[in-house]
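Student: Please take me through a close look at one part of this model. I would like the pairing inside its sheet, and then the side-chain contacts around it.

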Amino acid sequence: QVQLVESGGGLVQAGGSLRLSCVLSGRTFSTYNMGWFRQAPGKEREFVAAISWNSGSTDYADSVKGRFAISRDNAKNTVYLQMNSLKPEDTAVYSCAARWRGKSSLNYDYWGQGTQVTVSS
């Protein structure tokens, strides 16, 4: 059974930081590219950041470049999202997702339930 479990969300003041974690179980973590997405109330889910299976490449949404950093630890089956200089508009449910490295499609295979991040002004 494949599971993605996020943690680390919470309430933080604007300008603060949070680090999200996501653990993958049931699959070989090192064979998956990983991504973070977020969905704010009343809005579509949007891409935040992604990292390749070997950490060789990363990608970020323009809205978070320079403030967020994605990383992974294959020994711990975990992907992280370090979020700095948080803004109220970063408030959303953040979910991680896994995409097998051997597929050409950009669609993700597995999704976590999400963790709430709330940034107060």
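Tutor: Start with Val5, which stands opposite Val23 in strand 3. The model is predicted, so read every value here as computed from that prediction. Strand 1 and strand 3 run antiparallel, joined by 5 bridges. Strands of a sheet pair through backbone hydrogen bonds, either parallel or antiparallel.

Now cross to the next pairing. Strand 3 also pairs with strand 8 (residues 78–83), again in the antiparallel sense, over 6 bridges. Arg19 has Gln82 of strand 8 as its bridge partner. Ser21 has Tyr80 in strand 8 as its bridge partner.

A disulfide is a covalent bond between the sulfur atoms of two cysteines. Searching the whole structure gives 1 disulfide. Cys22 and Cys96 form it, with their sulfur atoms 1.8 Å apart. Cys22 sits in strand 3 (residues 18–25) and Cys96 in strand 9 (residues 92–100), so the pair links distant parts of the chain, 74 residues apart. What is the handedness of the disulfide? The torsion about the S-S bond is about 50°, so the disulfide of Cys22 and Cys96 is right-handed. How accessible are the two cysteines? Cys22 has a relative accessible area of 0%, so it is buried. Cys96 is also at 0% relative accessibility and counts as buried.

Side chains of opposite charge can pair when their charged atoms come close. The count of salt bridges is 5. Asp90 forms one of them with Arg38, the closest N and O atoms being 2.9 Å apart. Arg67 lies in the loop between strand 6 (58–60) and strand 7, so here the tied parts are 23 residues apart in sequence.

Arg38 is buried at 6%. Arg67 is buried at 11%. A network of salt bridges links Arg38, Glu46, Arg67 and Asp90. Asp62 counts as exposed, at 65% relative accessibility.

Next, the rings. A pair of aromatic rings is described by the distance of the centres and the angle of the planes. The structure holds 5 aromatic pairs. For Tyr32 and Tyr110, the ring centres are 6.1 Å apart and the planes stand at 55°, so the pair is tilted. Tyr32 is in strand 4 (residues 32–39) and Tyr110 is in strand 10 (residues 110–111); the pair links distant parts of the chain, 78 residues apart. Their burial is worth checking. Tyr32 counts as buried, at 6% relative accessibility. Tyr110 is partly exposed, with a relative accessible area of 24%. Another group of rings forms one aromatic cluster: Phe37, Phe47, Tyr108 and Trp111.

Two arginines sit over ring faces. Arg99 lies over the face of Tyr108, at 5.3 Å from the ring centre, and Tyr108 belongs to the aromatic cluster. Arg72 lies over the face of Phe29, at 4.2 Å from the ring centre.

To finish, go back to the sheet. Strand 3 pairs with strand 1 and with strand 8, and its Cys22 is joined to Cys96 of strand 9.

How values were computed
Residues numbered from 1 in each chain as written. Predicted model: local features only at pLDDT ≥ 70, side-chain atom pairs only at ≥ 80, totals over all residues. Heavy atoms only, no water. Disulfide = S-S within 2.5 Å. Helix = DSSP H or I, 4+ residues; strand = E, 2+ residues; numbered from the N terminus. Buried < 20%, exposed > 50% of the residue type's maximum accessible area, 1.4 Å probe, protein only. Pairing = 2+ DSSP bridges. Phe/Tyr/Trp six-rings, centres within 6.5 Å; stacked < 30°, edge-to-face > 60°. Lys NZ or Arg CZ within 6 Å of the ring centre and 35° of its normal. Salt bridge = Lys/Arg side-chain N within 4 Å of Asp/Glu carboxyl O.
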